[in-house]
Amino acid sequence: MKRHLLEAGDLDRADATLVLDTAGQIESALAGREVKKLPTLRGRTVVNLFYEDSTRTRISFELAAKRLSADVINFSAKGSSVSKGESLKDTALTLEAMGADGIVVRHGASGAPHRLATWVKGSVVNAGDGTHEHPTQALLDAYTIRQRLGRLDGVRVVVVGDVLHSRVARSNVWLLSTLGAEVTLVAPPTLLPVGVGSWPVAVSYDLDAVLPKADVVMMLRVQAERMNASFFPSAREYSRRYGLDARRMAVLPDHAIVMHPGPMNRGMEIAAEVADSARSTIVDQVGNGVSVRMAVLYLLLGGAPE
Amino acid sequence: MTMSSELPAPPPTEPSAGGPPPLLGADDVARVVDRIAHQLIERAASASPAGAADGGLADLVLVGIPTRGAPLARRLAARIEAFSGTAVDVGTVDITLYRDDLRLRGVRALEDTRLPEAGVDGRLVVLVDDVLFSGRSVRAALDALRDLGRPRAVQLAVLVDRGHRELPIRADYVGKNVPTARTQKVEVHLAEIDGLDEVLVTGGEQ
């Protein structure tokens, strides 16, 4: 593995499989235990550097690091020197001086983790940067698919919704195709990025047409905060054309699963009855997130520094 | 990691073709496993209340330390069942996440950790490994076990004890004591993983 995990493309097939296998072994090692804690990263320091609010991702990383016995520092931009104008570089150098072995960074600007990685000696893990990537989310999605369907090779994954703004979609496209899955993006034309033609995916504007052959339907969150530029006529129309309701779910093959990275807009991109159905893996994804992040932290920080 | 036996072994073709003669051949390994199985049955019986129908074996859990301790534990269980007619619980505990030398080396892929459903609380756990060397693997296994439950007692069974302990740890059941130089390597090959059973001592001054 490389020293950092900045984007899904950092992982080749062997590395990605190693992360998923390691997560599986960690999960089985901790299953049924009273003490869900391993001494692996004792004495190491992991900093959660969050410039954007994200309770669930931060808690997931925090729990993963703590279960490996690392010391965890949570640094949120709000109320810190960042609000007094400190630059990312100065913050990074401060953390470096304090001896951070790993920095988990969430930033509103695409590429911020890449810059950070050039300034620090420790490992940098991208926990979401702008509209760019969110590689650990893609890893936990891949882990969940493998857990439910038993394989990734040849699995048909349909990713539905706001691909343009979705770092989850981007990371999933790269990781899933590395792992041999066939990805189809379904979105209104206005919510597909320029250059999607060069991605290793199929594109469709018609959700109903692709559902009967899907093994996995991954719904993306409609990000209300990014919907100020008239990407589609109305919430109602979006929901009618691209929302997953019970009628559409009934079209899916029997084994197919429904995923959502959360937080959900119930009734918008996903109907409540779909979100709560047995096909939905939404709760599994959260639990798997901790195992996968433990695997990533172990593989990046567990061994000797290069 | 200090235990040379856990290095990935090259795929063997012929039994020690061209190299030194094996310290233990396939027949020797089988005999050693049988002997330890008998010892485990005896000890379990002596520790159990008189007249216990299972001879105390229901209390016993064999826990293999991957890689090669795991198949050894399964073999021991199979032989105990053949000799006594009682099936015993088997598990494996991967100790990688408990090692104290992770920082000195690169990370490695994890292996299985699986305990029998009944767990280890209040039972006699016998850790099973192929080679006992510095004792650090065993300490890591003891640490792992502590997080998994509270056994009544923990014992250690190894195929080969090669000496050079760095910790106050000794085995309760030893297949063969092998005095070695530190520079030597003890390689254990098992049919389940390597295609044949043998124990080799290589390198260093013989």
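**A:E62 and A:R58 sit 4 residues apart, about one turn of the helix, in helix 2 (residues 55–67) of chain A.** Welcome to a predicted model, in which local features need pLDDT of at least 70 and side-chain atom pairs count only at pLDDT 80 or more, while totals for chains, interfaces and linings use all residues; side-chain values use heavy atoms, with hydrogens and water left out. Residues are numbered from 1 along each chain as its sequence is written, while chains are lettered from A and ligands numbered from 1 in the order in which they are written. Helices (H or I, at least four residues) and strands (E, at least two) are DSSP runs, numbered from the N terminus. In this close-up, the side chains of A:E62 and A:R58 meet in a salt bridge, with 2.7 Å from N to O. A salt bridge here is a side-chain nitrogen of Lys or Arg within 4 Å of a carboxyl oxygen of Asp or Glu. Side chains of opposite charge can pair when their charged atoms come close. A:E62 has a relative accessible area of 15% and so is buried, whereas A:R58, with 25%, is partly exposed. The cut-offs are simple: buried is under 20% relative accessible area, exposed is over 50%, and partly exposed is in between (1.4 Å probe, protein chains only).

**A salt bridge joins A:K2 and A:D10.** The N to O distance between these two side chains is 3.7 Å. A:D10 counts as buried because its relative accessible area is 13%.

**Helix 1 of chain A covers residues 13–30.** Does its length agree with its residue count, or disagree? At 1.5 Å a residue, its 18 residues should span 26 Å, and the end C-alpha atoms are 26 Å apart, so the two agree. The expected span is 1.5 Å times one less than the number of residues. At the start of helix 1 of chain A, a side-chain oxygen of A:D12 comes to within 3.2 Å of the backbone nitrogen of A:A14. After helix 1 of chain A comes A:G32, which has a positive phi, near 75 degrees.

**Helix 1 of chain A has buried residues that pack against several other helices.** The buried residues include A:D15, A:V19, A:L20, A:Q25 and A:L30. Contact means heavy atoms within 4.5 Å.

**A:N172 is a residue of helix 6 of chain A.** Is A:N172 buried or exposed? It is buried, because its relative accessible area is 0%. Its side chain makes a polar contact of 2.8 Å with the side chain of A:D141. A polar contact is a pair of N or O atoms within 3.5 Å; within protein, one must be able to donate a hydrogen and the other to accept it, and residues adjacent in sequence count only if both atoms are side-chain atoms. Leaving aside neighbours within four places in sequence, A:N172 touches A:A138, A:D141, A:S177 and A:M218.

The contact takes 21 residues from chain A and 19 residues from chain B. How many salt bridges cross between chain A and chain B? The count is 1: A:R33 pairs with B:D147, and their closest N and O atoms are 3.8 Å apart.

**A:V203 lies in strand 7 (residues 202–204) of chain A.** With 36% relative accessibility, A:V203 counts as partly exposed. Beyond its neighbours within four places in sequence, A:V203 is in contact with A:L185, A:L192 and A:V196.

**B:R136 and B:E166 form a salt bridge that links distant parts of chain B.** The closest N and O atoms of this pair are 2.5 Å apart. B:R136 is in helix 3 of chain B, and B:E166 is 30 residues away in the loop between strand 4 (153–161) and strand 5 (173–177). B:R136, at 25% relative accessibility, counts as partly exposed, and B:E166, at 33%, also counts as partly exposed. A network of salt bridges links B:D100, B:R136, B:R139, B:E166 and B:R182. Over all chains, the whole structure has 27 salt bridges.
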